[in-house]
Amino acid sequence: MTTESILDSLEGGLVVSCQPIENGPMDKDDIVVAMAKAAEIGGAAGLRIEGAQRAAKVKSAVSLPIIGIVKRDLPDSDVRITVLEKDVIALADAGVDIIAIDATDRPRPVAFDTLVKLAKSRGVMVMADCSNYDEGIYAAALGCELIGSTLSGYTGGEIPDEPDFQLVSNWTYIGLRVMAEGRYNSTESVGQALKLGAWCCTVGTAITRTETVTEWYVKAAQSNYEG
C-alpha cells in the first residue's frame with residue numbers, strides 16, 4: 001500500500017491498540033495476534049502494536065495498517081514510546097506502516113526530530129504522540145503524517161477522566177491530520193472525536209485490557225449493590 005492509500009484507509013476509522021497489560025496473563029504474542037485478528041473482523045481500520053517482534057507477527061497475520069511502537073523505561077527520562085534509534089530501525093525492519101514516537105518536549109536520549117528523520121529515511125510514516133498543541137505544530141512541521149493526542153494528560157499532574165477533545169478540535173481547526181487517542185473508553189467519545197474532525201481514533205484499554213475493563217464493572221457493581 002502507498003502512503004496515500006494507507007492514510008485513506010484510516011480516515012474516519014477506528015485503530016485498535018492491542019497492548020495487554022505488561023506481564024499480565026494476556027501479554028503473549030499469540031494472544032495479541034488473536035486480538036488483532038478479532039479487531040480486523042470487527043471492522044478496525046488499523047492496529048497499534050508494541051514491540052518490533054510482535055508487530056512483525058501481527059503484520060503477517062492481518063491485512064490492516066500497523067502503527068508500531070517500542071516502550072522503554074529509562075532511568076534518566078520519562079519518555080517511553082520509541083525513544084531510541086535502534087527502536088525505529090527495528091520497527092522499520094518489522095514492516096510496520098507507521099512508527100509512533102513520543103513527541104513531548106521532555107528530556108530524552110535522542111532528539112525527536114532525529115528519530116523522525118530516521119524513520120522517514122527508512123520509508124516509514126510517523127505518528128507523533130503529543131501532549132499539547134505546540135508539540136503537534138512542531139511535529140507537523142517536521143512532516144509527521146499523523147498528530148496524536150496520545151499523551152495529553154500523561155506528562156504530570158492528575159490524569160483526567162475524559163479525552164482531550166479541545167486539543168483535537170484545536171488541531172483539526174488548522175487542518176492537521178489528527179489521531180484522537182487517550183482515554184477514548186466509550187463509543188460516544190469516539191463519535192465525538194470524529195465529529196470534531198479527527199482523521200481517526202485509537203481505542204486500546206476499553207477493548208484489549210480485560211483486567212482494567214473488568215475492574216470498571218466490578219466497581220460499578222459494588223457501588224450499586226444494595227443487598
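Biologist: How many bridges join strand E7 to E8, and in which sense do they pair?

Modeller: This is a predicted model, where local features need pLDDT of at least 70, side-chain atom pairs count only at pLDDT 80 or more, and totals for chains, interfaces and linings use all residues. Residues are numbered from 1 along each chain as its sequence is written, and side-chain values use heavy atoms, with hydrogens and water left out. Strands (E, at least two residues) and helices (H or I, at least four) are DSSP runs numbered from the N terminus, and pairing takes at least two DSSP bridges between strands. For E7 (residues 178–180) and E8, the sense is parallel and the count is two bridges.

Biologist: Okay, which residue of E8 is the bridge partner of Ala180?

Modeller: Ala180 has its partner in E8. That residue points the other way from Cys200 and Thr202, as Val203 does, and is buried (under 20% relative accessible area, 1.4 Å probe, protein chains only). It's Cys201.

Biologist: And what stands opposite Cys200?

Modeller: Strand E1 (residues 13–17) runs parallel to E8 in a pairing over four bridges. Opposite Cys200 you'll find Gly13.

Biologist: Over to the helices: at what angle do H6 and H7 pack?

Modeller: H6 covers residues 133–141 and H7 residues 165–173, with axes 10 Å apart. Those axes are lines fitted to C-alpha atoms over the stretch in contact, and angles run from 0 to 180 degrees between N-to-C directions. Contact, meaning heavy atoms within 4.5 Å, involves Tyr133, Gly136 and Ile137 of H6 plus Leu167, Asn170 and Trp171 of H7. The angle is about 35 degrees.

Technical notes
Buried < 20%, exposed > 50% of the residue type's maximum accessible area, 1.4 Å probe, protein only.
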